[in-house]
Amino acid sequence: MPEVIIDGKSYNYEGKHKLLQFIQDLGKEVPFFCYHPSMSIPANCRQCMVKVGQYVIDRESGNHELDDKGDKVVRWFPKLQTACNIDVADGMVVHTQETDELVRRAQKDNLELILINHPLDCPICDQAGECPLQIQTYKYGPEGSRFEVKKVHKPKRIQLGPRVVLDAERCINCTRCTRFTEEISKTNQLTITRRGDKNYPITAPGTEFDDLYSLNTVDICPVGALTSTDFRFKARVWEMNQTPGIDITNGKGCNIDLWTRDNLVLRITPRYNKDVNDHWMPDSGREAYKLFNENRISRPLQKLDGEQILSSWNNAIATFNEQIDGTDSKNTLVIGSPHASVEENYSLAKFSNLLGIKQPVFVPHIVEGSGDGFLISDDQAPNTNGCRLLGFTELDVKSIKNAVKKASLIILLSDHLLDRGVLSEKDLDGKFLVVLATNHSHTTKLADLVIPVTTAAEHAASYVNVDSRIQRTFRAKETKYTNRRLDLEMSEGRLDRYGTNFDNWVTEENKIDCLPVWRFITQAASARGLDMVLTEGRQIMEEIASSLEPFKGVNYQLMDEHAGILLKTETELKESVKQ
Amino acid sequence: MAYEFTKEDLKQIEEIKSRYPEVMPATLPVLWIAQNRFGHVNPEVQKLVAHTLGLPQAHVHGVAEFYTQYYKEEKGKYVLDVCTCLSCQLCGGYDILHYLEDKLGIKKGETTQDGMFTLNEVECLGACGYAPMLQVTNDQYVNHLTKEKVDKLVETLKKGETPGYEKIGMPQHENI
Amino acid sequence: MSTVDWKNYDPVLIPDIKDLHQIDVYIKHNGYKAFESVLKDKMKWPDQKSVINEVKEANIRGRGGAGFNAGLKWSFMPPSDGGARYLACNGDESEPGTFKDRKIFEYNPHVFIEGALIAAYAMEITTIYVYIRGEYRVYIEMMEKAIADAYSKGYIGKNILGSGFSVDFYVHSGAGAYICGEETSMLESLEGKRGYPRVKPPFPAQKGLWGRPTTINNIETLAHVPAVISKGASWFKNIGAANHPGPILYGISGHVNKPGVYELPTGVPVLDLIHDVAGGMRNGKKLKAVIPGGSSTPVLRADQLDGITMDSESLRTVGSMLGTAGMVVMDEDTDMVDVLWRIAHFYHHESCGQCTPCREGTGWLEKILLKIKNGDGEVKDLDLLLDLTTQMEGRTICALADAAAWPVRFTINRFRDEFEARCKKSAFALA
């Protein structure tokens, strides 16, 4: 097998590799700024300099040529090479900054040059704390600057588009942003303007950077040149907790990170998944952070004399059970939701099953033509396939209206059917409507009983995306009934770990008074004396996997190890049954 | 003001496109056509070029901004590009530049109030043996400048006459 | 040491013939005969390879400054797969001190066209582009006319002279960017983009214009080809300096009496060029310094020039290069601080801004030099400048950073006293 020697250690490899990526994959490091694994390689930042050579092979014997000391002779490239664009080759010898003084010097030199025109405004820069330039300077940069002349001044606080702000002075011209709009989002909205040290990225005059994926440029900007209009100045990164999650705003299920501070989600960024979203996500998915914080239903609501009032959980559960008891199970309609997780839908289905109520129905939330063939799907919901695989009856607008007409008690899970124009107020006239929901809406306003439930940021649960990939979320923010310190799966931020109570204040109002659907169902069941205990997503998924064919073999551990699992689609399952 | 290419321009643009296997290579030549037509390639003209070629506006903008000969805004009727680079510096290019600054009452990079002259300091124009020199509006070179020659040039230009081609032979030769 | 007999040299590249730029005059003086011969004389030129070999043998070292054997460059082209292949002719001459190719455009455009056509035939090129700097509008028009004439005479186009060989030939105008003289930057500019040099590999011969095999040659380099074909490689090799043979266009500017472009053999003594060819120093001043081949080549002090000739080997012995043979002559009154600042200003202005060391370094160099020029510099600034040159050199995609660094290093090293004299006295006098 071909061999490459890096810092004196030999590594075997197969296939084609770029040296920088190869070194990274080994868990080692060479500093860089412009390189991005999913885009073309311009080699323009010149930071990833390494010393590269090749063992000299004696032509006649085919053996390594040896020097007087018996060491293998290396023919070095006359100049240092950028690791990003050089192909790993058999017999290649590489010295990184770890073993070579010249390489260390070159990387330091380069950082000194990058910094001469860079404003040293880290204390007020949003990027500080997650800034490659700051980190690399700390690790490899010079201790001071010899630059005693005037810096180049460029435009600052330029609103490039609705969501992205440019500070051209911070820009180091890595061209990641322009390459992104050329190669990934393909809108070509950005270019580098001017020349030389006056260069900076910009849109064509009079045009907006309204690319549906514009915020990815903020993520990949290696400095604070591009920042998010929305997130700007809201938090320092080290104050936040970072928790993995799944984008619930459409069917693609982009892998994301939720960034929270004091139990508010402050921003959402994409998390790498080569099979789903690579390093990217649409801007629309990031706006969803507001859903987790704002307009939340906290404590159950019950209609009294036509007016919704805050209720207690005991009252709510009692009302819920009374309504079920007082209604012929034939007249009870349970509506599941493509917007809710597999576990939530399952819990509701299991409960209705035990009560002899028909299998839940659901109405897909698909807007034809709204997708872009990339990371925005026609499907507006994260779990349509999950509902299908659970065996829920799929209804269109007409049939759901019919079903509603026949029912007198409607239990609706997390789907704002009125807001999205499926049902009208008239359809619900005279019905008792129970809604389990996360946020207030026109739909919840009409409900006779509103059960506040957890969002994808507050529970661990799974979603099956448009490609039938099942992926799960983690608990990112606390509710009134969870505790970060006690819940080992919840992420701990720097302040949680090291802060005193005075650093890490917690605002009670930010903890929503809500329960996971399965907790509510378990309590309702237990009040009825039913033997049904659903504790948390992990356990529920095990139960699903053992009882439902499409989910066979699925569990959280496997999902975590493989960044999701590809399930057989409904059609594939049918076909396999036929055979 | 709305900018539009004439029919002849469009015909020429089609001919230019046929020289290359793709459309993008036509960016520079079409920016030239536009500048010759409108006197500049301001953002509106850049937009016209982008639309005519079906290329992203940002691309055309980036290209226009990279190359110094494209005027990104309206300039004076005559643009005087005075070379001060190396050989011209040695032979008095700065004297010529400063003389013109005083004469026109503007600093380099500025345009006279009557819109007649824009004065620029430029990099090497490839006329090192004929220094000091200047170029008039991306066109003719005026070589071996003296104050007197500058005076004459300015007078001629004010009259609306542009200088002709100054043929400079090979000093070795008699016939050319 | 044998001296080159330049006094009896008779120019061949731009001979003293009136109206040679007109195609009929050119043809009358045996023009396009070399091209016809490679197309038709199968005894002499059995295949394309034989043409490449002859040019390789002649050792026409690239006249754009890099000095690479043109025929060897041609041989790097992969075998034709029947698809498009390009020849890009570099007429972007912008290196300060260089003004020679314009003489070919003006006085003998067809010798260049013929050379390019021979190159095209030898490398099975399908389209030739000649990239001319935008400032040369006059010469662009002249070239367009010359190419149109060659088309109408059947030297360019489909099935040329019944040989079955076809090629197209177009002029592409630059628009003001020195960097586009760098060959891969020129390709980007031809493709309609910002002139950012490309990372190599892949080399243009593998992936050039639109990802297809492409060769880039300087105008003068190609203009030498017809004579090599008709008179043979050995004729060419016997002209001028053995290590860098052939006729060459010297551009002489600065403080001489008769500046201009001269066609002479390579290897002419530098002092002969100044004192004899270019008519000596202006106003009887003393010679102080010479930049031999464009602003990036290291400056030489007058006392370094004895016996030094204009070829790579000789110039290397005193730490300089032939470059473009665009020689800039400076007299005793020249302020070397001003000169170096102006050169640094040029490279700062022309850096494309792609690579960090060049984008940032060129500006920093200029700013420090301006400080010194204004009398605000300190001696430590000189050492900082020298240090910066090592931080830039060899660390970028193209050679512009090197071109900016060399003059700084060598001008300071060779005129250190003058620079120190301009610096402020240090607050702490050194013992």
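This is a predicted model: local features need pLDDT of at least 70, side-chain atom pairs count only at pLDDT 80 or more; totals for chains, interfaces and linings use all residues.
The secondary structure of chain A comes to 17 helices and 25 strands. Along its principal axes, the C-alpha trace of chain A spans about 95 × 60 × 50 Å. Chain A has 579 residues, and 48% of them are buried. Turning to its contacts with a separation of 6 or more, 65% are between residues 24 or more positions apart.

Let me stay with chain A and take one group of strands. Strand β15, residues 301-304 of chain A, is joined to strand β16, residues 307-310 of chain A, by four bridges, and the two run antiparallel. Within this pair, Q302(A) has I309(A) of β16(A) as its bridge partner. β15(A) and β16(A) form a hairpin with two residues between the strands. In that hairpin, D305(A) takes a positive phi near 50 degrees.

Which other strand does β15(A) run antiparallel to, joined by two bridges? That strand is β22 of chain A, residues 449-452. Here Q302(A) stands opposite L449(A) in β22(A).

Chain B has seven helices and four strands. Read along the sequence, they follow the pattern α-α-α-α-β-α-α-β-β-β-α. The C-alpha trace of chain B spans about 50 × 45 × 30 Å along its principal axes. Of the 176 residues in chain B, 46% are buried. Among contacts between residues at least 6 apart in the sequence of chain B, 55% join residues at least 24 apart.

Two helices of chain B deserve attention. Helix α2, residues 27-38 of chain B, packs against helix α4, residues 57-66 of chain B, at an angle of about 75 degrees, and their axes are 11 Å apart. That angle makes α2(B) roughly perpendicular to α4(B). On the α2(B) side, the contact is made by T27(B), L28(B) and L31(B), and on the α4(B) side by V60(B), V63(B) and A64(B). By class, this contact has five nonpolar residues, one polar residue and no charged residues.

Leaving aside neighbours within four places in sequence, L31(B) is in contact with V41(B), V49(B), V63(B), A64(B), Y70(B) and A175(C). One of these partners, A175(C), belongs to chain C.

Which residues touch the most other members of the largest nonpolar core? They are V434(A), L31(B), M133(B), A88(C) and Y250(C), in a core of 342 residues. Helix α6 of chain C, residues 109-123, gives the most to this core, with 10 residues.

Now to the places where the chains meet. The contact between chains B and C takes 56 residues from chain C and 43 residues from chain B. Several elements of chain C each supply at least two residues to the side that touches chain B, among them α5 (101-107), α7 (137-152), β3 (168-173) and α8 (183-190). The largest share of that side, five residues, comes from α14(C). By class, the residues of that side divide into 23 nonpolar, 18 polar and 15 charged.

Chain A also meets chain C, in a contact that takes 25 residues from chain A and 26 residues from chain C. Helix α2 of chain A, residues 101-116, gives the most to the side of chain A that touches chain C, with six residues. That side has 11 nonpolar, seven polar and seven charged residues.

I will finish with a sheet in chain C. It is an open sheet of five strands in the order β6-β5-β9-β7-β8, with mixed pairing. Why is one side of β6(C) and of β8(C) left without a neighbour in the sheet? β6 (260-265) and β8 (300-301) of chain C stand at the edges, and each has a single partner strand, so one side of each has no neighbour there. Elsewhere in the sheet, strand β7, residues 287-291 of chain C, pairs with strand β9, residues 326-331 of chain C, in the antiparallel sense over four bridges. In this pair, V290(C) stands opposite V329(C) in β9(C).

Definitions and conventions: Residues are numbered from 1 along each chain as its sequence is written. Chains are lettered from A and ligands numbered from 1 in the order in which they are written. Two strands pair if DSSP finds at least two bridges between them. A nonpolar core is a set of buried Ala, Val, Leu, Ile, Met, Phe, Trp, Tyr and Cys residues joined through C-beta atoms within 7 Å. A residue is buried if 20 or more other C-beta atoms lie within 10 Å of its own, exposed if 12 or fewer, and partly exposed in between; C-beta atoms are placed from the backbone. Two residues are in contact if their C-beta atoms, placed from the backbone, lie within 7 Å. Axes are lines fitted to C-alpha atoms, for helices over the stretch in contact, and angles run from 0 to 180 degrees between N-to-C directions. Angles under 35 degrees count as roughly parallel, over 145 as roughly antiparallel, 65 to 115 as roughly perpendicular and the rest as oblique. Ala, Val, Leu, Ile, Met, Phe, Trp, Tyr, Cys and Pro count as nonpolar, Asp, Glu, Lys and Arg as charged, and the others, Gly among them, as polar.
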